Amino acid sequence: MKKSPMASNRPNIAVTPQGGIAGAHGVSPYSRLSPLPPPLHSHLSDDTSSLPWNAAQVRADLHIAAQLLSDHNLKIAAKFAIEQWMGLPAEIVSDATITTSSPWIPSDYIVGKYQKETCPAVLYAKTLMDLGEYAHAAATLSQPSHSKTVETMPAPLADLSVYGFYLRAYALYMAGERRKEEEYMELKGEGQQHNPSFNPYIKQLLHELFDAYEEDKLDAFGLYVYGMVLLAGRALPQLPNAPSAQAVLMKSIQIFPYNWSAWLDLTACALEDGHIEQEIGDYLQPLVSDHFMYHFFCAHLQAERQAHEVALNIYEQWMDQSLFGASLFLLTQYGVMQYHMRQFSIAKSMLGDLHDHHPYRLDSMEILSNILYVQQDSVSLSQLAHTAVKVDKYRAETCCIVGNYYSMKQQRAKAIQYFQRAVKIDRNFTSAWTLMGHEYVEWKRTANATEAYRRALQVSPNDYRAYYGLGQVYECLNMSLYALHYYKRATQLRPFDARMWCALGTTFDHMARPNDAIRAFERAIQQDDTEGVATQKLAALYKKIGEVEKAAQCYLRHLELRHQATNPHGTASGGAGLDSMLYGLAVEAPEAEALLYLAHYHKEHKEFDTAALFCSRLLEYAGPEKEQAKAMLRELRQRSAVSHVHARHTRSKGPPPPSLFSP
């Protein structure tokens with residue numbers, strides 16, 4: 001199987017048939033992990049050599065955690081725990097030893113007090129939860145109601161067990177979320193944006209869970225539901241002395257750190273305010289900084305903040321074969337981070353290998369479809385779309401994949417139809433909103449594009465693609481101030497992305513602010529503008545303000561970059577290398593402009609042979625620059641002839657030098 005090239009300091013790796021990594025070495029085991037990135041890493045000790053790692057204990061903990069999470073209907077968290085369990089070394093995964101103690105799981109959780117539930121109402125409610133009858137499950141664990149209305153839910157039964165109280169609260173929350181989604185789907189267009197639906201049971205749950213919290217009747221799972229409710233109801237008036245959502249979630253994690261859903265909600269809290277992130281670090285560092293879930297949380301938080309390289313470094317440390325080398329979650333995140341860092345070949349190889357070995361797993365496969373779209377690999381994209389439709393036709397990832405397929409075929413209406421279907425399935429699926437916006441931009445329907453991008457920002461306020469898209473929309477509308485605002489926000493989120501700086505520089509140029517434009521394009525060049533856009537734009541600006549030398553340098557650099565893009569093994573400029581670089585260059589309008597300017601530049605410096613070399617490359621170009629190059633070549637031949645006559649009269653010895661203009 002083909003192995004994928006990795007970063008410069010990492011060996012080539014590939015996904016094995018078992019889901020692991022082949023050839024991964026040189027990564028420190030858990031006992032030698034490097035410190036986490038700031039700001040959370042500032043709470044960790046610089047000496048991490050004493051951090052414990054017991055693979056057998058981790059296996060046992062994940063086994064217990066998976067069962068507990070399944071019993072509590074936390075399906076996403078249970079899936080996550082099992083994926084990490086399966087990602088451990090094969091000899092550890094197959095170990096059947098049962099451990100009855102753990103430093104990370106309370107002993108009463110391990111002995112299975114939930115399996116000893118004797119109340120039939122609780123067991124019935126659990127069955128209803130499994131069937132998705134959330135309101136029915138909550139009503140089963142509530143006081144009898146003498147009202148015929150179903151708009152409100154009676155108070156919980158007296159003497160409910162901790163597990164029963166949790167089930168009712170979670171079922172009631174899920175029933176409200178279902179009703180909220182139904183109301184949202186009934187609204188049309190602008191109504192969905194300006195009349196957001198709301199969970200009708202949040203107020204009731206806030207009161208009930210606060211009372212239970214004050215009486216210390218909530219376990220780790222009850223605390224998780226309370227934290228989730230506080231997060232959902234943060235726009236409502238809060239009860240006096242009510243705790244913050246992050247405080248409750250951290251208490252839940254302190255008791256039971258294996259609930260990935262709690263970590264995800266804690267990430268949402270941290271993204272709202274930097275002070276909350278500091279609070280999280282101060283509280284959790286002394287308690288769970290030794291735990292791998294804390295490291296996964298830090299990586300996820302950094303990824304949400306667009307610090308993908310930092311997140312990738314954390315994930316890489318856990319991809320050692322002795323740790324979680326076969327974890328599908330880590331392998332997927334590795335490919336996703338490489339995609340966001342625009343390392344498309346690496347990301348395509350990793351995600352493609354995952355799809356080949358796990359074709360029924362569609363997680364993040366829309367990212368693979370994006371890569372195939374960018375690389376114009378229509379055959380592979382068609383195959384991926386066909387497979388995804390066969391696996392699960394009505395899944396958001398599948399709809400995005402099919403939408404990308406139709407977009408590549410220039411069938412805009414069908415592409416938009418599938419992106420719309422994706423957001424109907426999951427309206428928090430950011431990729432679908434942004435891709436829909438891109439399609440509307442291509443279709444010149446700016447109002448629809450603006451709405452799609454704004455919906456994406458409602459879901460993910462740190463989505464640079466939506467800000468960049470809004471900038472493009474307002475640039476098309478010649479509303480430069482608006483475009484400038486959104487491009488600035490995109491550069492704040494992606495300061496290492498040359499495309500963002502190029503867009504900002506172009507807007508400054510349109511606003512007749514050449515100095516600001518020059519600074520933006522120079523920043524793009526610092527961020528490795530491999531496409532040559534910044535060098536060409538910067539050269540044109542230098543040309544406009546009379547900086548001849550700088551303009552010539554930028555034009556030559558632009559030609560080098562375009563040559564490298566089409567021929568990565570081409571030689572650099574200078575001497576014979578210039579000749580081979582020019583004749584291996586694909587000439588389009590920007591390159592023709594650069595060639596003509598450099599020809600004039602070298603002619604003015606009496607470097608006639610070099611000027612002729614640039615002119616000769618334009619002779620096969622179909623634009624107006626061709627005629628100008630022909631005229632310049634005639635002039636250069638005349639000057640060369642005059643200089644040769646003068647040389648014969650003045651040169652005392654030796655033959656005349658060879659010339660490009662010899663007949």
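Ser 364 counts as buried in this predicted model, at 18% relative accessibility. Its phi is near 65°, a positive value in a residue other than glycine. Asp 159 likewise has a positive phi, near 60°, but Asp 159 counts as exposed, at 80% relative accessibility. The protein chain has 663 residues, of which 52% count as buried, and a search of the whole structure finds zero disulfides.

**Overall architecture**

- The secondary structure of the protein chain consists of 33 helices and two strands.

**Loop residues with positive phi**

- Ser 364 is located in the loop that runs between helix H17 (344-357) and helix H18 (365-374).
- Ser 364 counts as buried because its relative accessibility, 18%, falls under the 20% cut-off.
- Asp 159 occupies the loop between helix H6 (134-140) and helix H7 (162-186).
- Asp 159 counts as exposed because its relative accessibility, 80%, is over the 50% cut-off.

- No disulfide is found anywhere in the structure.
- For Cys 400, the closest cysteine sulfur is that of Cys 399; the two sulfur atoms are 7.2 Å apart, which is too far for a bond.
- Cys 400 is buried, with 0% relative accessibility.
- Cys 119 counts as partly exposed, since its relative accessibility is 28%, a value between the cut-offs of 20% and 50%.

- Cys 554 belongs to helix H29, which covers residues 548-566.
- With a relative accessible area of 10%, Cys 554 is buried.
- Leaving aside residues up to four places away in sequence, Cys 554 touches Thr 535, Leu 538, Ala 539 and Tyr 542.
- Cys 554 and Ala 534 are separated by 20 residues in sequence, and their C-alpha atoms are 8.9 Å apart in space.

Key:
Residues numbered from 1 in each chain as written. Predicted model: local features only at pLDDT ≥ 70, side-chain atom pairs only at ≥ 80, totals over all residues. Heavy atoms only, no water. Helix = DSSP H or I, 4+ residues; strand = E, 2+ residues; numbered from the N terminus. Buried < 20%, exposed > 50% of the residue type's maximum accessible area, 1.4 Å probe, protein only. Contact = heavy atoms within 4.5 Å. Disulfide = S-S within 2.5 Å.
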